[in-house]
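Please examine the sequence and the structure shown here before reading the report.

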Amino acid sequence: MTNDILDLATRVGRALEAKSLLLATAESCTGGGVSQAITEIPGSTGWFECGFVTYSNASKTEMLDVPAALIAQFGSVSEEVAGAMAEGAVANSNADVAVSTTGIAGPTGAVPGKPVGTVCFGWSKGDTTYTERLVFSGDRHAVREQTVAHALAGLLRLLE
């Protein structure tokens with residue numbers, strides 16, 4: 001884990017603690033990497049509620065209440081599904097804030113319009129949910145690392 005990621009996780013923790021908020025994660029392509037970064041920070045027990053690793057479409061539906069019809073219509077790697085994942089993480093936990101990641105880390109899995117490196121994010125707090133779609137370069141490890149960093153940076157923007 002890079003120092004940049006640990007710095008972002010520390011800053012997220014301080015922001016959550018200052019606002020007395022709890023965080024949940026809903027991760028697919030990162031496989032728990034965002035949660036791992038968060039729990040590297042001493043004291044994360046005070047502001048980290050839980051992490052959902054929902055790698056399959058079925059788990060997104062069963063654990064996060066993402067409608068199967070939404071996945072069928074837009075695909076699991078979509079801003080629509082990322083937003084629903086973040087909202088589902090808040091709804092299915094005691095968290096106030098959530099971040100989600102869903103993407104194609106590679107080296108395979110590309111589909112038309114969604115090359116390897118495509119990642120969709122969701123950030124949810126209260127009645128507000130933001131989503132974003134990016135395409136990262138590099139191998140599987142690099143894509144996942146960039147995804148974790150961007151997810152944390154997005155949390156900081158949400159908490160400002």
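The report below treats the sheet and then the aromatic rings.

This is a predicted model, in which local features need pLDDT of at least 70 and side-chain atom pairs count only at pLDDT 80 or more, while totals for chains, interfaces and linings use all residues. Residues are numbered from 1 along each chain as its sequence is written, and side-chain values use heavy atoms, with hydrogens and water left out.

Five strands form an open sheet with mixed pairing, in the order S2-S1-S3-S4-S5. Strands are DSSP runs (E, at least two residues), as helices are (H or I, at least four), numbered from the N terminus; two strands pair if DSSP finds at least two bridges between them. Strand S2 (48–53) and strand S5 (128–135) each have a single partner strand, so one side of each is left without a neighbour in the sheet. Strands S1 (residues 23–27) and S3 (residues 97–103) run parallel and are joined by five bridges. Thr25 stands opposite Val99 in S3.

There are two aromatic pairs. Rings of Phe, Tyr and Trp (its six-membered ring) pair if their centres lie within 6.5 Å; planes under 30 degrees apart count as stacked, over 60 as edge-to-face and the rest as tilted.

| Pair | Centre to centre | Angle between planes | Type |
|---|---|---|---|
| Phe121 and Trp123 | 5.5 Å | 5° | stacked |
| Phe121 and Phe136 | 6.3 Å | 90° | edge-to-face |

Phe121 lies in strand S4 (residues 118–125), and Phe136 lies in the loop between S5 and helix H6 (140–159), 15 residues apart. Ring pairs link Phe121, Trp123 and Phe136 into a cluster. Phe121 counts as buried because its relative accessibility is 0%, where buried means under 20% relative accessible area, exposed over 50% and partly exposed in between (1.4 Å probe, protein chains only). Phe136, at 12%, also counts as buried.
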